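Open the model in a viewer and keep the selection panel at hand.

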Amino acid sequence: GPVLVAAALSAFLWNFLFIPPRFTFHIYTFSDLLMVIMFFIIALIGGTFTARLRSREMADRLRERQATALYSLVKDIIHAESAEDIWQTSVRHIGELFSARIACFPIDEHGEIAHLPLPMSTFIPQSEAWIIASQTLHNRTPGQFPTKPSNGSSQIFYPLLTAGGAVGVIGLQFDNPPDDEQEGLIQTLTHQTAIALEREVLRKD
């Protein structure tokens, strides 16, 4: 990988610049060969530790970002006074966090999603995408609407599920598809939205 390439390049540069005859890649003595090998090993070990440290820092930052996003969403949802406020809060938080446009579909009395998204939605899916959203509700798994490569955007629909059942579907339109870590955070946030919506329904009942 990149660490191995960097270590090899460092060893070659050390040989080229400092081991006589300088400015050549020739190695004439066994001690110089050992020096180049040791330099390569040290550079490889240092690069490996640096890469691991960077990966750990990135993971820590991701966990901090997830915790902050979850706390911010839950804090605002707690103060929501209606289902409309909950939807609005989710649109704002999820949309800003992932630079995505949001479509909100509540379910009706027949357990089906509405044909048009709620007014606070920031995009309106095509009719073909609505079919994917409806299938998402019944399949209980996220569904992606296939877009043309020239379009560059991606639409993914997530069912809002709780222990008591489904309460709706939320669609996200991305300019760039989310990676696995972002996908996990999205599902965590949508699950919190679903719990809040279910709580609001029970409160009204």
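Helices here are DSSP runs of H or I, at least four residues, numbered from the N terminus. This is a predicted model, in which local features need pLDDT of at least 70, side-chain atom pairs count only at pLDDT 80 or more, and totals for chains, interfaces and linings use all residues. Residues are numbered from 1 along each chain as its sequence is written, and side-chain values use heavy atoms, without hydrogens and water.

Helix 5 covers residues 180–204, and its axis comes within 11 Å of that of helix 2, crossing at roughly 15 degrees. Helix 2 is therefore roughly parallel to helix 5 (angles under 35 degrees; over 145 is roughly antiparallel).

Next, show side chains at this contact (heavy atoms within 4.5 Å). On helix 2, pick residues including Leu62, Gln66, Leu70 and Val74; on helix 5, the partners include Glu181, Leu185, Leu189 and Ala196. By class, this contact has nine nonpolar, five polar and two charged residues.

Now move to helix 3, residues 83–98. The axes of helix 2, residues 30–78, and helix 3 come within 9 Å and cross at roughly 160 degrees, so the two are roughly antiparallel. Among the residues that meet are Arg65, Ser72 and Asp76 in helix 2, with Ile86, Arg92 and Leu97 in helix 3.

Last, select His79 in the loop between helix 2 and helix 3. Is His79 buried or exposed? His79 counts as exposed, at 61% relative accessibility (exposed is over 50%, buried under 20%, with a 1.4 Å probe and protein chains only). Its C-alpha atom is 10.0 Å from that of Thr89, ten residues apart along the chain.

Notes. Axes are lines fitted to C-alpha atoms, for helices over the stretch in contact, and angles run from 0 to 180 degrees between N-to-C directions. Angles under 35 degrees count as roughly parallel, over 145 as roughly antiparallel, 65 to 115 as roughly perpendicular and the rest as oblique. Ala, Val, Leu, Ile, Met, Phe, Trp, Tyr, Cys and Pro count as nonpolar, Asp, Glu, Lys and Arg as charged, and the others, Gly among them, as polar.
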